[in-house]
Amino acid sequence: MLPALQLLMGCQPPHPAGQLVVANKSSLDSVDPVDVYLLAGTQLLSAVGDPLYAADRQGQLQPRLATALPQFSADGLSARIPLRQGVLFHDGTRFDAEAMVFNLNRFRRLGKLSYLLDDRIESVRSVGPYAIEVRLTRPYRALAALLSSITFTPVSPTAYRDYGERSLTGRFVGTGPYRLVSFSPRKQQLLPFADYWGEPAKNAGIHLITLSNSTALFGSLISGEVDLLISSGLESDQQQALDARVARGELVSGEGPAIEIALMALNSQRPPFNRSRLRQAVALSLDRRLISQRVSFDMSEPLRSLVPPPLAGSSPPSWPAYDPKAARALYRQEGYCSGQRLTLPLTFRSNHASDRLFALTWQAQLRRDLGDCVRLEITGVESTSAYRQLSQGVFPMIIYDWIGDYPDPDTYLAPLLGCRRSKGDQCLSGSSVDSGSFWTRPGLQQQLQASESRTGAARQSTLLTIQREAADGASFVPLWQVNARAWGQRNLSAPQFDGSGRVILQQLEPVKR
């Protein structure tokens with residue numbers, strides 16, 4: 001047994017037949033929905049809790065604890081949501097409208113992602129035993145998508161009676177197909193909930209474990225000590241090696257939708273990127289296909305949109321394709337390429353191997369194709385420090401990734417482009433500052449809010465307009481999208497994913513091959 005796995009399993013006896021060990025890289029400090037926002041936490045919550053709605057693989061929303069999509073008032077400022085009857089919490093108490101109101105209000109007070117609700121929801125009240133009414137601060141037609149976030153999964157008001165103003169970190173009492181029976185930051189045990197309202201789990205239980213590095217994750221699956229490995233934290237070359245084993249019939253695998261995107265933020269208020277023409281030149285200087293081949297062995301698809309498919313507004317792409325001839329023309333207009341080279345300062349996250357590979361690959365590509373015009377100067381900064389300094393305007397250009405809080409284009413555009421206060425094309429406060437670009441455009445914030453009140457073709461048109469504006473401003477440059485992936489032992493059914501990129505753990509089933 002691998003040393004890391006020995007430490008996790010300790011002196012415990014082997015787990016019973018039918019129970020599965022699932023590994024990823026991230027540990028958990030809390031299982032309270034008000035604290036959870038990273039992938040490891042949402043993966044756990046999706047097994048022990050239920051949202052009101054859930055997105056399927058095609059991005060379509062399906063009712064879960066709700067029984068129908070929200071019914072909006074004529075002015076769009078209130079929505080009525082009918083709730084499922086016959087649902088029990090893990091402590092045997094009943095899920096109803098009062099329980100949902102308790103949870104949404106508790107999340108508004110305590111949730112690390114409470115801004116998702118505060119900016120849009122004015123109040124919540126029960127309007128019957130199994131119906132709630134949500135009052136909105138402004139029309140928001142993507143309410144069902146918002147409420148599909150697993151962080152809004154309800155917990156038992158009885159079990160959390162004394163935790164209305166603080167979180168309950170090591171215990172969870174929800175409505176999901178599994179009960180949480182033991183918790184530590186690096187290991188959680190789940191057993192099927194006998195009174196679950198929906199389809200029962202196809203396995204006898206799940207042991208979620210954390211392994212600290214990619215080598216340990218890879219080795220644990222190859223050795224057979226882990227039944228399923230989730231791709232988060234696994235290096236590209238090791239993913240490629242696992243795919244080769246899948247092709248030989250030694251493992252099974254599954255792929256979910258792209259919920260993570262990689263992008264560069266260019267500080268529009270700091271030289272040299274305070275000149276829009278240079279930002280546009282940079283956007284034209286990226287050979288995304290080459291970069292994808294070198295960085296991820298083509299496993300990460302090049303992206304020319306801030307919204308990953310299949311979400312609305314992702315197609316057609318708004319950012320330009322690689323065009324060194326057009327880039328050179330823009331650099332020349334700014335006085336470069338004729339004996340003078342522009343230094344492009346790029347910061348990458350030093351603890352992310354893909355960032356370093358991107359920086360080195362792009363550096364070589366620029367030297368090859370535009371070496372008389374520009375040179376790339378690269379600097380590594382640890383990710384925690386990088387995120388802390390983003391809003392301080394420290395970095396002229398930086399690469400990082402973004403994951404939407406729920407499957408809707410609003411969770412990609414508003415957190416990157418939103419701006420509460422501006423002066424011309426400069427954002428003075430708001431999401432654009434927090435994301436490191438400091439860029440906006442007159443009317444852009446109004447377009448973002450307008451998209452919230454629209455549906456169908458009207459919303460699609462608005463989303464594309466927003467992205468064309470952002471592409472022209474070129475203060476963000478999308479790079480690639482990352483699909484959720486998982487690999488399992490060959491005696492396991494192929495892993496399936498929901499529309500939020502999480503493995504559906506209750507669908508994992510031991511099989512004979």
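Helices here are DSSP runs of H or I with at least four residues, numbered from the N terminus. The model on display is predicted.

**First stop: serine 236**

Select helix H7, residues 236–247; serine 236 lies in this helix. Is serine 236 buried or exposed? Its relative accessible area is 17%, and the cut-off for buried is under 20%, so serine 236 is buried. Next, display the side chain of serine 236 together with the backbone of valine 295: the side chain reaches the backbone oxygen of valine 295 at 3.3 Å.

**Second stop: the disulfides**

Turn now to the cysteines. The structure holds two disulfides, and with the bonded cysteines numbered in sequence order the pairing is 1-2, 3-4.

Select cysteine 337 and cysteine 373, which are joined with an S to S distance of 1.9 Å. Which parts of the chain does this pair tie together? Cysteine 337 lies in the loop between helix H10 (324–333) and strand E14 (342–349), while cysteine 373 lies in the loop between helix H11 (353–370) and strand E15 (374–381). The pair therefore ties together parts that are 36 residues apart in sequence. The torsion about the S-S bond of cysteine 337 and cysteine 373 is about 120°, which makes the disulfide right-handed. Cysteine 337 is buried at a relative accessible area of 7%, and cysteine 373 is buried at 0%.

Move on to cysteine 419 and cysteine 427, whose sulfur atoms are joined at an S to S distance of 2.3 Å. Here the torsion about the S-S bond is about 110°, so this disulfide is right-handed. Both cysteine 419 and cysteine 427 are buried.

In soluble globular proteins, nonpolar side chains tend to be buried together.

Select Ile81, Leu83, Ile132, Leu143, Leu190 and Leu505: of the 67 residues in the largest nonpolar core, these touch the most other members. Then highlight helix H3, residues 97–110, which supplies the largest share of this core, six residues.

Centre the view on leucine 143. Leaving aside neighbours within four places in sequence, leucine 143 is in contact with Pro70, Phe72, Ala79, Ile81, Val134 and Leu136.

Finally, select Met264, Leu284, Phe348 and Ile399. These are among the members of another core, of 34 residues, which lies apart from the largest one.

Definitions and conventions:
Residues are numbered from 1 along each chain as its sequence is written. This is a predicted model: local features need pLDDT of at least 70, side-chain atom pairs count only at pLDDT 80 or more; totals for chains, interfaces and linings use all residues. Side-chain values use heavy atoms; hydrogens and water are left out. A disulfide is a pair of cysteine sulfur atoms within 2.5 Å. Helices (H or I, at least four residues) and strands (E, at least two) are DSSP runs, numbered from the N terminus. Buried means under 20% relative accessible area, exposed over 50%, partly exposed in between (1.4 Å probe, protein chains only). A polar contact is a pair of N or O atoms within 3.5 Å; within protein, one must be able to donate a hydrogen and the other to accept it, and residues adjacent in sequence count only if both atoms are side-chain atoms. A nonpolar core is a set of buried Ala, Val, Leu, Ile, Met, Phe, Trp, Tyr and Cys residues joined through side-chain atoms within 4.5 Å. Contact means heavy atoms within 4.5 Å.
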